Amino acid sequence: MARTKKAKRESSFVTLRTKPLSKGRESYYLDIYKDGKRHYEFLNLYILPATTKAAKIQNANTEQAALAIRNQRELEIIQGKGGINMESKGGKILLLDWMRQFMEQKRQNGLSNTTVITIEKTIAHLIEYKGEKMRLADVDEDFCKGFISYLSTAKSLRSKTHPKTLAKKSAHLYYFYLTTALSEAVRKKYIITNPANNLSREEKKAVRPEKSTREYLDIEDVKKLIETDCTHNEIKRAFLFGCFTGLRLSDIRGLEWGNISKRDGNLFLSIRMQKTREPLIMKLNKQAIKWMPERGKDSEVFALPGNNVTVNRVLKIWAKNAGIKKDVCFHMSRHTFATMELTLGADLYVVSKLLGHTNVGTTQIYADIIDKRRDEAVELIDNAF
C-alpha cells in the first residue's frame, strides 16, 4: 500500500487514515484491528486540494463524515466484545436463504423478471463456489475474493454439454448482486458490515466490466418526446421528471408530496435515495416542476404501474412514435439528465452530487461522452472536405 498517514484520532481497534491519490487528492480509509487480524475499509470519501474556500468547507464536512463512520465501527466492535453481537439475529441464517429472501423482496418491489433471473443465477454460482451450508455471518473478505476468482474462470451453467466461460459482464452482475444483498443484510442488522466494501479496485478487477458508454437522449430527443403523446400520461410525466432531476425510477416511485417543500419561492426535493441510502436535497428546476402532476389526496407524487417491465414497454412504444431509434428504458432518463447538465456547462463535481454518486469517477463517464461528441463534431469539418 502507498504511503499513508493517520487522520486525527487513534483507537485500539479502528484508526482513520488517508491514502495519497493523483492530482493532490487523498482517500479516507479505516485501519481496523480486531481479534489479532487487520483489514482495511475504504470509505469512498476524498480530501480535495484546498485551493478554494469551497474546497476547504467540503474537506471539513468530509472529515466529519469519516470520523462519524470511524466512531460507529469502533462502537460496533466494542459492543461485540461486550457480548452485544449479531449472533441472535443473523448468525444462524444461511447465505443462500438470505439471497432468496433478498430476491423475493426485490420481486415484490417490482424488479424486472430479467433481474430476478440474474439473482437466481447468482445463487446457482454461489452453490457451485461454496455449496449450500455457508452462513451469512461467516462471509468475509476472503470469501468475496474467492468468489471473484471463481467467477473469473467459471463456466456458464446454462449448458452442460458445451459450457462457455462467463462473460465479464455476467461475472460483474453476479458479484454485484452478492454485494448488494450483503449491504441489505447490514441495513437489516443481520451482519455488522459488508466485507465486500473492504476490497480494493485492484482486487475487484477480474469482475470489473469494460468502461460503459451510457446510452442517453440528447436535447432534441427530449423535445421530440415532449411533443409526442404517450399512451400512459403518468409514465410520460415521470420519465420527463427524471430527465430533469436525474432520479432513479425507484426514487420516483417512492417520492411523496411530503418530500417536496417550498423555500424562498422555490421548490426543493428532499429524499434518501433507495439504492445508496444517501440523502439528497435538490432545488427543482422549472422543467421538472412542469411535469409534476397536480397534488391530490394520495401521498405519492406519481402513480405508476407496479411492474417495471410495463413501464419500459410503454416507454419504447412512445419513443418509437416520436421517431427515436434508441432502445429507451426508464434509467436512460438519469443518463440524459447527466449529459444535459454537462453539455450545458455544469461542473462535474456538482453533477456528481446531484446524481448522488459517492465517487466522482462514476460521473466522469458522462464527461468522457461529452468530450467524445465534441471531438466528433470537430471532425465533421474534415469529413466534409
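1. Strands β2 (residues 14–20) and β3 (residues 26–34) pair in the antiparallel sense over seven bridges. Two strands count as paired if DSSP finds at least two bridges between them; a strand is a DSSP run of type E with at least two residues, numbered from the N terminus. Within this pairing, Arg17 has Tyr29 of β3 as its bridge partner.

2. This is a predicted model, in which local features need pLDDT of at least 70, side-chain atom pairs count only at pLDDT 80 or more, and totals for chains, interfaces and linings use all residues. Residues are numbered from 1 along each chain as its sequence is written, and side-chain values use heavy atoms, with hydrogens and water left out.

3. β2 and β3 form a hairpin, with five residues between them. In the turn, Lys23 has a positive phi of about 60°. Strand β2 is mostly covered, as five of its seven residues are buried (under 20% relative accessible area; exposed is over 50%, and partly exposed lies in between, with a 1.4 Å probe and protein chains only).

4. An open sheet of three strands has the order β5-β6-β7, with antiparallel pairing. Its edge strands, β5 (260–263) and β7 (279–283), each pair on one side only. Four bridges join β5 to β6 (residues 266–272), and Ile260 has Leu269 in β6 as its bridge partner.

5. How many disulfides does a search of the whole structure find? The search finds zero, a disulfide being a pair of cysteine sulfur atoms within 2.5 Å. As for individual cysteines, Cys230 is buried, at 14% relative accessible area, whereas Cys329 is partly exposed, at 29%.
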